[in-house]
Amino acid sequence: MEALAAARPRGRRWRDVFERPGVLASVLISPAVVFVLVLVGGPLILAIGLSFTNATSGELHGKWVGLANFRNEWSNPSFQHAVWHTFQFTFISQAIVLVGAGLLAHALSKNFRGKWFLRFLILLPWAAPLALSLMAWKWMFDTSYSIFNWTLVHLNLVDKVDPPQYLAESKLAIGSVIAVHAWRILPFALVIFLAGLASIPKEVDDAAAIDGATGFRKFWSVTLPLQLPIATVALLFGIVFTATDMAVVYILTQGGPPPSFSTEMVTTWAYKTGIESGSLGPGAAISLFLLPVLAVVTILMLLFARKAEVS
Amino acid sequence: MESFGRALREKGLAYLIVGPFAIVLAFPFYVMFITAFKNQTEFYNPEVTPYWFGKDSPTWANATFLFENTQYPRWLANTAIVGLCVVAITLVLALPAGYALARLAGRVGQSLGVGIFLTYLVPPTLLFIPLFWVITQVNLQNSIWSLVLVYPSFTVPFSTWLLMGFFKTIPKELEDAALVDGASRIKTLTRVVFPISLPGILTVVIFSFSLVVNEFVYAFTFISPSENKMVSTGVYTDLIRGDLPEWGAIMVAALIPSIPLALLYNMFLDRFIAGFTGGAFR
Amino acid sequence: MASSDDPSRREGRYDRRELIRRAGVGAASVGFAPSFYGPLRFKDRWLKGDLSLITWAHFVPAFDVWLDKTWAVQWGQKNDVDVKVDHILNTLLTARSQAEAAAKNGHDIFFNLSPQPQFEDDVINHNEIVQEVTRKVGKIGRIAHKASYNPRTKKYFGFSDNFVPDPVIWRHDLWNGIGLSPNTWDSVRKAAPKLKAIGHPIGIGQSAELDSNMALCSFLMCFGVFIQDEKHRVTIKSKRAVEALKFMADIYQRGETDEIFGWDPAGNNNFVYSGKGSMIFNAISATRTPEDRGLPFANDLWIWPIPRGPYGRMGYQHVMGSWWIWKFANNKAAAKKFLADLEINYQDAFMASKFYNFPSFPGAMSFSRIRKAVATDRHRPIGKYGVLTTIAQKYTTNPGHPGYANAAFGEMFNKFIIPKMFAQVSQKKMTAQEAVNAADREIKAIYRKWRALKKI
């Protein structure tokens with residue numbers, strides 16, 4: 001924009017300025033940074049401010065209470081459980097996604113009949129509007145109409161009156177929620193991996209072939225190390241998107257089922273406290289709890305990714 | 001002979017891996033399809049198999065209901081418009097930023113890159129209230145342009161990262177060659193780098209568009225009137241009435257954007273893989 | 001609850017002649033009510049402008065059509081106001097209201113299915129509207145009063161136009177087969193295992209959702225357990241509570257299935273629609289849908305009041321329609337008049353909602369009129385909807401009874417502490433006493449917080 005306009009030749013002096021990497025860099029980066037800072041930074045600072053107050057509905061400010069909100073929630077068993085569930089939810093679903101997408105990407109790098117169609121099927125969860133595909137899952141898990149139970153009952157494997165309840169039994173509920181979340185993230189991770197695989201220069205491929213490295217050996221000593229940086233970033237994004245996401249749990253279980261509330265996450269708990277009950281201050285505090293944890297995870301993983309980068 | 005056996009084994013292995021995944025990932029869409037065209041009385045009858053139609057199905061009744069009783073076509077249009085605008089803005093902001101971070105920035109750039117990324121650590125369920133205030137200040141409430149304004153805030157950071165990674169894979173030699181030939185940095189950017197970054201651009205298009213289609217919290221907070229809603233919020237808020245979702249109509253509504261989008265993404269995938277492997281590295 | 005049998009002066013639907021006639025009557029009556037608007041403010045031009053409302057997507061689509069295309073349009077024409085009505089799914093109303101309250105910008109009139117005491121400082125004083133409607137049709141009903149009035153500040157923080165009585169819906173054919181009926185909780189407890197044995201268990205939800213909250217709190221009241229008292233002190237810890245928990249746990253263990261822990265508001269409905277469920281706690285959406293969809297047992301679904309417990313028969317309303325006008329609303333005068341007129345003419349709303357919406361001001365449509373109307377419903381058994389008036393009159397009270405609805409009660413509700421308490425005992429994760437103690441601790445903490453904020 002501004003940069004390109006100024007770049008029209010107007011004399012050596014202007015152009016020289018933009019030849020300096022630093023200046024050009026800041027000019028290229030600043031629109032993005034400014035935009036994001038204004039739209040996210042401002043509200044973020046406000047939210048941080050809110051978490052130190054006892055603000056309730058209708059106000060974006062309140063009386064200063066220092067760390068009281070954080071302390072209260074920290075000692076609240078519901079919050080503690082929510083934290084643990086969030087860890088479970090995030091790491092298990094991302095492990096599934098990592099392994100699944102990695103395998104798929106490798107398998108899809110070859111050519112075979114029907115590949116295009118199969119890939120289309122795999123991309124569907126990602127293409128569908130999330131709220132609507134979750135309604136489909138809700139129906140598939142329905143306590144009365146679940147297609148899974150219909151099948152199991154007709155195969156005489158479960159009792160018709162008391163079949164498994166995917167959203168009503170503690171362990172099944174968290175399992176279902178994890179499975180659905182992995183289902184929706186997998187195509188997204190797959191595409192990132194495919195990009196990574198495709199960016200491996202052909203020379204490396206050829207070199208590996210000459211060396212006789214094929215199949216698993218090739219995967220382990222060539223593909224994997226080259227994929228590591230991008231896999232790390234994919235995993236990182238997966239973790240962040242999962243830990244801060246509420247849609248799957250909200251639509252499928254609303255944080256239930258009682259009494260364990262095994263699918264209550266930090267995000268849903270923050271929502272119930274802050275939005276539905278109107279305790280904005282404590283709600284903000286709960287939401288912010290994830291921030292330092294995820295920040296640390298982010299920085300660690302990025303450092304790892306940088307190290308793993310093969311120049 | 002041996003390589004033929006190996007090729008066969010590899011192909012077989014590929015089917016063995018890809019097949020089950022494809023079935024699991026696409027199965028809900030099969031359920032959607034059946035539900036979308038099933039007579040709603042049959043739908044509630046547990047005797048009728050959920051895997052196929054009963055004697056009163058398939059029927060167009062659900063699709064008719066959707067198109068006659070809601071503003072579904074407008075929702076599709078709104079989503080498309082917002083999607084395209086957001087993709088455009090994202091590219092304008094993220095392409096230069098991604099390039100800068102990949103090539104020019106050095107240590108400050110690295111920290112900045114991480115900084116941009118940290119914006120994802122805050123859930124939208126916390127930000128939507130102050131953001132709604134911002135929207136009302138610029139008088140964009142109830143308008144789809146409020147979303148065009150806000151969505152890049154989460155498509156840009158991710159796209160910047162994608163492009164940064166992508167630009168790093170382009171050999172520096174290409175640009176150095178252009179620079180040696182006397183082109184300015186800016187010219188190098190526009191004449192050499194951006195054209196061969198088409199695969200990266202396509203990736204950003206897909207990712208940003210999918211983020212737009214799936215977003216819910218801001219879409220439903222900023223926009224109340226039915227005619228301005230997006231697909232996900234419109235269907236979810238207008239077709240679920242208290243304790244009665246209109247299942248048939250909802251499933252029709254879910255299928256209509258999914259299939260074309262999946263086809264589109266698939267085509268883009270081909271293009272950008274071809275771009276990677278058939279492009280500048282030979 | 002005062003049920004004034006003010007014979008309603010208006011009947012029938014609006015057609016053009018009627019409209020003009022009413023405009024005349026309206027103008028005349030307006031001249032007699034200067035204390036409401038003040039003589040100067042009654043010129044038409046003061047009302048010119050816009051009015052925006054947001055409300056839920058009503059379970060009965062015809063009601064929304066009536067509200068948007070008939071009532072709002074005609075009222076708008078008569079009062080020279082352009083009325084716009086938006087609808088969203090009810091579960092999302094709260095989030096949107098929070099955003100509007102914080103941004104001080106949004107719709108003029110907001111709606112939710114329960115009163116929102118936490119917004120008291122952001123809304124106008126609705127006393128005027130209540131007074132005007134009282135003048136025209138009689139006093140506000142007791143439960144609407146308790147639900148939308150703050151005795152401390154003497155302010156109506158919301159205007160309730162309707163509530164929905166909460167009956168039990170049960171399969172007469174199945175219960176008949178075992179020779180029982182859900183008249184008392186004792187008979188329910190006896191029937192449950194027998195019904196489960198024939199493959200048709202009952203379902204009283206213990207899930208993280210609204211229906212379960214209502215059902216279980218009502219169940220507690222039948223056993224003499226109240227979550228708060230008139231002074232809004234937490235009173236859940238009691239011997240009776242322990243008894244009630246054990247009672248319900250017994251019903252679950254011998255007569256229900258696990259699905260009752262995983263429902264959402266549509267869950268218990270599906271339980272009935274699949275033909276499996278033999279009794280649920282739900283508003284009449286559970287009978288209307290089988291009628292509309294032609295499900296085979298629609299005529300076997302009976303509607304009864306909540307079963308009687310040792311301390312009586314009492315339940316909460318299923319939902320209570322509550323409107324409020326933000327302080328930042330642009331057109332407060334029109335907003336007030338809109339709500340007042342809506343309630344005064346609530347007959348039309350009642351009929352349009354297929355008997356779902358009962359007026360909060362009983363005088364707006366007297367029970368005798370309601371009974372006449374429901375008698376015209378042709379679904380079997382004939383007159384089945386008549387019991388709703390009995391429930392509304394005798395067996396319904398406001399959430400928070402005997403106290404008023406308040407933000408602390410609301411938070412306890414939103415966190416599903418009561419279903420959690422019941423589930424812990426039903427699933428044998430805690431003894432009844434432990435569960436009561438735990439719930440008591442949790443609820444008291446919430447009340448402490450809101451009391452410190454001076455909101456109770």
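Begin in chain C by selecting strands E8, E7 and E9, which in that order form an open sheet of three strands with antiparallel pairing; strands here are DSSP runs of type E with at least two residues, helices are H or I runs of at least four residues, and both are numbered from the N terminus, while two strands pair if DSSP finds at least two bridges between them. The model is predicted, so that local features need pLDDT of at least 70 and side-chain atom pairs count only at pLDDT 80 or more, whereas totals for chains, interfaces and linings use all residues. Residues are numbered from 1 along each chain as its sequence is written, and chains are lettered from A and ligands numbered from 1 in the order in which they are written.

At the edges of this sheet are E8 (279–281) and E9 (301–304) of chain C, each of which pairs on one side only. Neighbouring strands are turned by 20° against each other on average, with direction ignored. Next, select E7 (residues 168–171) of chain C, which runs antiparallel to E9(C) and is joined to it by four bridges, and display C:Trp170, which stands opposite C:Trp302 in E9(C).

Contact here requires that the C-beta atoms of two residues, placed from the backbone, lie within 7 Å, and axes are lines fitted to C-alpha atoms, for helices over the stretch in contact, with angles from 0 to 180 degrees between N-to-C directions.

Now show chains B and C together, where the contact takes 24 residues from chain B and 29 residues from chain C. On the side of chain B that touches chain C, the elements that each supply at least two residues include H6 (124–137), H12 (217–222) and H13 (231–238) of chain B, and H6(B) gives the most, with five residues. This side divides into twelve nonpolar, nine polar and three charged residues, where Ala, Val, Leu, Ile, Met, Phe, Trp, Tyr, Cys and Pro count as nonpolar, Asp, Glu, Lys and Arg as charged, and the others, Gly among them, as polar.

Finally, colour chain B by its assigned domains, domain 1 (1–59) and domain 2 (70–278), whose bounds come from an automatic or database domain assignment. The C-alpha centres of these two domains of chain B lie 30 Å apart, and their contact takes eight residues from domain 1 and seven residues from domain 2.
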